[in-house]
Protein chains: 2
Amino acid sequence: MSVTLKDVAQAARVSVSTASRALTGTGLTSERTQQRLVRIARELGYRPNPIARGLKTGQSRLVALLVHNLTNASFQVMAEVVQARLKALGYQMLLCIGGDDPQAESDTLTTLVDHRIDGLIVVPTGKNGAQLKALSKDVPIVCLVRRDDATDLETVLADDPQGAYLGTRHLIELGHKRIGLIVGRQDTTSGRERLSGYVRALREAGIARDDTLIHAGHYVPETGATCARKLLDLPRPPSAIFVANHEATLGVLRVTAERNIAIPDDLSLLCYEDMPWFEWHRPAISIVDNGARDLANLAVDRLLHRMDVKGNGNDGVREYRVGARLIKRDSCRQIDAPAPAKSGKSKSSSSKSSATKSAKV
Amino acid sequence: MSVTLKDVAQAARVSVSTASRALTGTGLTSERTQQRLVRIARELGYRPNPIARGLKTGQSRLVALLVHNLTNASFQVMAEVVQARLKALGYQMLLCIGGDDPQAESDTLTTLVDHRIDGLIVVPTGKNGAQLKALSKDVPIVCLVRRDDATDLETVLADDPQGAYLGTRHLIELGHKRIGLIVGRQDTTSGRERLSGYVRALREAGIARDDTLIHAGHYVPETGATCARKLLDLPRPPSAIFVANHEATLGVLRVTAERNIAIPDDLSLLCYEDMPWFEWHRPAISIVDNGARDLANLAVDRLLHRMDVKGNGNDGVREYRVGARLIKRDSCRQIDAPAPAKSGKSKSSSSKSSATKSAKV
DNA sequence: CGATAGACTGCAAACGATTGCAGAAACGCT
DNA sequence: AGCGTTTCTGCAATCGTTTGCAGTCTATCG
């Protein structure tokens, strides 16, 4: 079927071993035969069989990435980044989708090690700590985005406390005093951390924490909508909402649209994590970028490092934090200005965002 | 390291071959030893090594999916579907991202066959027909979404002519006579087909084709924006725009926002392919659903079929079409009603969208 | 009772590479 | 020339399975 090492060796009238050494470039072969073999191999179109090689060396040139889904924009860019990096290094990426389901995660993990993957980057559900720990003896593993507290695996995390702090402070600086927070479940690291950043910014600014302004739930549009309604139905509704997740943002936008609440005139909106269409949306939505791209890159770096060092060389560091950054667009507005006649929370549609409108069409 | 067939055989005091036969269930072994071996294997936690098996059998239990990117919502759901289906069958999915770049595609293809993948589902760039054709002798291949005209590979396509026809007809039925079309490059099948569907609907309705209303370009937001501007700058701008791609839709929305064009009051908008946020957007965007999920499922079906039949059993059919369907939401409006005073293409921001605003908040 | 078919089982050779070990060739040195 | 190095090459084993072939055992039948 395809050209094997044996064919090359025969064509060159040398033994298979010599051919192998010449082509893998171990330096144990003479310059002349080396070049000759390389030439012949090329002429014959020889391509080494990774399966056979893998059997002997125990490596597969396969690295797996296990994420929850692909609808999440962060996971998308991570998958793209990981794939690109690995490909450049001659690895193939096995992309697995666990759906945040412990059982599926567990199954997937075992098949992956069966396949003798050379490395694994995983967004853990947090329910398979024991298994992950056991696996990490055989395969280099790096956790991404979430930590699995039952393990001591190297983990690359977004700096959620800082990101949430940054975002909240931004809103405070714009003059907001009542800032609604829609945040993730409090039994996840990120949920807790984002809340803590928010609280810290409030405290620093000397603003009292008001628990009626804080709502936690799953990262889905429905939750966003529900929480937004609760916030807006408050006797004294917030002047700004910080949505700590992009999926939930969809729900919030829906509610503001339904109720005809103009952003940012009637309500400022700040979102955690980017989505491609946020900057095309009108108004373009300001965000705290969790640095998905950097996260993925760092995870790959760490994984490669571990794969090199072999033997699970722990160099002490267990946790890496990737800084978040604020990207200001048009969905948050200054609020402390002495309200001019037509501004404030009227239903006017003529503030900053629309001031530059052309009458074109 | 891990327990091998030899270990199992030893524990059971049989030869490796017997163990192999018992565990793979060839039926060539006595009921009793069969069950005994299965038991022992389980007790020892034996897991067959796919690499070793692959070396012998020439199969890898790996199926590759090669798409252009993951930002495209259709590709996302396809990837999810393919992954789920394959996993259920004990295959792992190799997800590759080609970026619609012929060179990358070509490279990827060769590494994939190196890895002895058992099957391939590919969204071809159309520039590597020869290679694909050659590969298809070794590996079952199914093309998805796009056809590669240089090959006779089995291909699963969206019914673009029908989808475009459906969408256009919908707009016509709503009374639109001048319908702008923003469509893909005309050197792609889908680009041409979507145009043809549009043209057919027009013809059927007895509306003359107006080429100033038709713009083609890449499926990216920028193109959408550029084309939208051209359309809106026309002396007689269209009353509806049919955007034959969701990415381009972003650009269109941006332009309508910039120019304060209310949808659907000032302009009806219909989009090809769904995106998760379209139904959360306000107004919710009407679409022609290309049936990404069905496409992926069918592609997997066909691939499995080919993998079974082995020897590239062609059963004649070369092309499968998956029907598109119209999903009406809120971005298209009836236009033939005798225009009331305040409608039309004024720059007013006070049509339906803002008329119902509550002063809430 | 012996022959023979049938049902299991084991031996050993693959699959395509890598690699330890030892032999061969080439070289420099005295 | 003889000897020790060094450098290169080939043999053969190995990785963990599968599988053709031949051998063993039992049971059945004439």
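The following legends describe close-up views of a predicted model with chains A and B.

Residues are numbered from 1 along each chain as its sequence is written, and chains are lettered from A in the order in which they are written. In this predicted model, local features need pLDDT of at least 70, side-chain atom pairs count only at pLDDT 80 or more, and totals for chains, interfaces and linings use all residues, while side-chain values use heavy atoms, with hydrogens and water left out.

**View 1. Relation of the two chains.** Within chain A, the C-alpha nearest the axis belongs to A:L94, at 2.4 Å from it. Both copies use the same surface, as 92% of the contact residues of chain A recur in chain B (contact means heavy atoms within 4.5 Å).

View 2. A cavity is a set of points, on a 1 Å grid over the protein atoms alone, where a 1.4 Å probe fits but cannot get out, and its lining residues have an atom within 4 Å of a point. Grid points are joined across faces, edges and corners, and a volume is the space filled by probe spheres set on the points. At least two lining residues come from each of α4 (50-57) of chain A and α4 (50-57) of chain B (helices are DSSP runs of H or I with at least four residues, strands are runs of E with at least two, and both are numbered from the N terminus). The element that gives the most is α4(B), with 3 residues. By class, the lining holds 6 nonpolar, 6 polar and no charged residues (Ala, Val, Leu, Ile, Met, Phe, Trp, Tyr, Cys and Pro count as nonpolar, Asp, Glu, Lys and Arg as charged, and the others, Gly among them, as polar).

**View 3. The second largest cavity.** This cavity has a volume of about 40 Å³. Among the residues that line it are A:V145, A:R146, A:D160, A:E193 and A:R321. In chain A, β5 (155-158) and α9 (189-204) are the elements that give two or more residues to this lining. The largest share, 3 residues, comes from α9(A). The lining divides into 3 nonpolar, 2 polar and 4 charged residues.

**View 4. Crossing of two helices in chain B.** The axes of α1 (residues 5-12) and α2 (residues 16-24) of chain B come within 8 Å and cross at roughly 105° (axes are lines fitted to C-alpha atoms over the stretch in contact, and angles run from 0 to 180 degrees between N-to-C directions). The two helices, α1(B) and α2(B), are therefore roughly perpendicular to each other (65 to 115 degrees). B:L5, B:K6 and B:A9 of α1(B) make the contact with B:V16, B:A19, B:S20 and B:L23 of α2(B). By class, this contact has 5 nonpolar, 1 polar and 1 charged residues.

**View 5. Backbone features in loops.** The peptide bond from A:R282 to A:P283 is cis, with omega near -5°, and A:P283 lies in the loop between β9 (268-272) and β10 (286-289) of chain A. A:D100 is not a glycine, yet has a positive phi of about 60°.

Technical notes: On a 1 Å grid over the protein atoms alone, a cavity is a set of points where a 1.4 Å probe fits but cannot get out, and a pocket is an open set with protein on both sides within 12 Å along at least five of seven lines; lining residues have an atom within 4 Å of a point. Angles under 35 degrees count as roughly parallel, over 145 as roughly antiparallel, 65 to 115 as roughly perpendicular and the rest as oblique. Copies are superposed by least squares on the C-alpha atoms of residues with pLDDT of at least 70 in both.
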